[in-house]
Amino acid sequence: MFTFYDLLFLSFPGYYLELSNGQRKYGPPQSHPSYRGGPPQQQLSGNSEVFVGRIPREIFEDELIPLFEAVGQIYDLRLMIDPLSGYSRGYAFITYFKAEEAAAAVEIVREKNFLLILTPLFPGR
């Protein structure tokens, strides 16, 4: 069953909202020129994926996406959901098109002293 917010995000051109047991996945934008059938290229200087922690249980994509798209275009966002309650588990993973945008998101959250935790993810560690 879709909520109002699900229908709102389903209306974004090129994006989709996938609901599965334990997570809600927003993206990827299949019509974007950078999308060529796979995730963004991982760069040697870092990674384009960040971990977001301490998300309040009642916050969903409708509030997270505008906050983090202010830094750069989001490739996808995976919000972990408690399947029994339907509320957020309090953490998500956001992948940007560029590693620089992911690093900028981490810095902005640290500078503004948000209660969220953002950590860059590095493959193989």
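The structure is a predicted model, in which local features need pLDDT of at least 70 and side-chain atom pairs count only at pLDDT 80 or more, while totals for chains, interfaces and linings use all residues. Residues are numbered from 1 along each chain as its sequence is written, and side-chain values use heavy atoms, with hydrogens and water left out. The chain contains three helices and six strands, where helices (H or I, at least four residues) and strands (E, at least two) are DSSP runs numbered from the N terminus. Their order along the sequence is α-β-β-β-α-β-β-α-β.

**Overall figures**

- Of the 125 residues, 38% count as buried; buried means under 20% relative accessible area, exposed over 50%, and partly exposed in between (1.4 Å probe, protein chains only).
- Among contacts with a separation of 6 or more, 63% join residues 24 or more positions apart; a contact means heavy atoms within 4.5 Å.
- The chain exposes about 7,400 Å², and carbon and sulfur atoms supply 56% of that area; accessible areas come from the Shrake-Rupley method with a 1.4 Å probe, and for residues only the protein chains shown count as cover.

**Strand pairing**

- Strand 1 (residues 17-20) pairs with strand 2 in the antiparallel sense over four bridges; two strands pair if DSSP finds at least two bridges between them.
- Within this pairing, E18 has K25 of strand 2 as its bridge partner.
- Strands 1 and 2 form a hairpin with two residues between them, and G22 in the turn has a positive phi of about 105°.
- Strand 2 also pairs with strand 4, in the antiparallel sense and over four bridges; here Y26 has L77 of strand 4 as its bridge partner.
- In a regular strand the side chains alternate between the two faces of the sheet.
- Strand 2 has R24 and Y26 on a covered face and Q23 and K25 on an uncovered one.
- Strand 3 and strand 5 (residues 88-96) are antiparallel partners over five bridges, with Y91 of strand 5 as the bridge partner of G53.

- Strand 3 (residues 49-53) is largely enclosed by the rest of the structure, because four of its five residues are buried.
- R54 is placed in the loop between strand 3 and helix 2 (61-69).
- R54 is exposed, with a relative accessible area of 57%.
- The phi of R54 is near 60°, a positive value in a residue other than glycine.
- Most residues other than glycine have a negative phi.
- The largest nonpolar core has 21 residues, and F68, L79, I94 and Y96 have the most contacts inside it; such a core is a set of buried Ala, Val, Leu, Ile, Met, Phe, Trp, Tyr and Cys residues joined through side-chain atoms within 4.5 Å.
- Strand 3, helix 2, strand 4 (74-81), strand 5 and helix 3 (99-112) each supply at least two residues of this core.

**Charged side chains**

- The structure holds three salt bridges; a salt bridge is a side-chain nitrogen of Lys or Arg within 4 Å of a carboxyl oxygen of Asp or Glu.
- E61 and R24 form a salt bridge with an N to O distance of 2.9 Å.
- This pair links distant parts of the chain, with E61 in helix 2 and R24 in strand 2 (residues 23-26), 37 residues apart; both E61 and R24 are buried.
- K25 and D76 form a salt bridge whose closest N and O atoms are 3.8 Å apart.
- That pair joins strand 2, which holds K25, to strand 4, which holds D76, across 51 residues; D76 is buried, at a relative accessible area of 5%.
- E49 and R78 form a salt bridge with the closest N and O atoms 3.0 Å apart.
- This link connects E49 in strand 3 to R78 in strand 4, 29 residues apart, and E49 is buried with a relative accessible area of 16%.
- E101, in helix 3, is buried yet has no salt bridge, and the nearest side chain of opposite charge, K98, is 4.8 Å away; Lys and Arg count as positive and Asp and Glu as negative, while His and the chain ends are not counted.
- Leaving aside neighbours within four places in sequence, E101 is in contact with V71, G72, Q73 and Y96.
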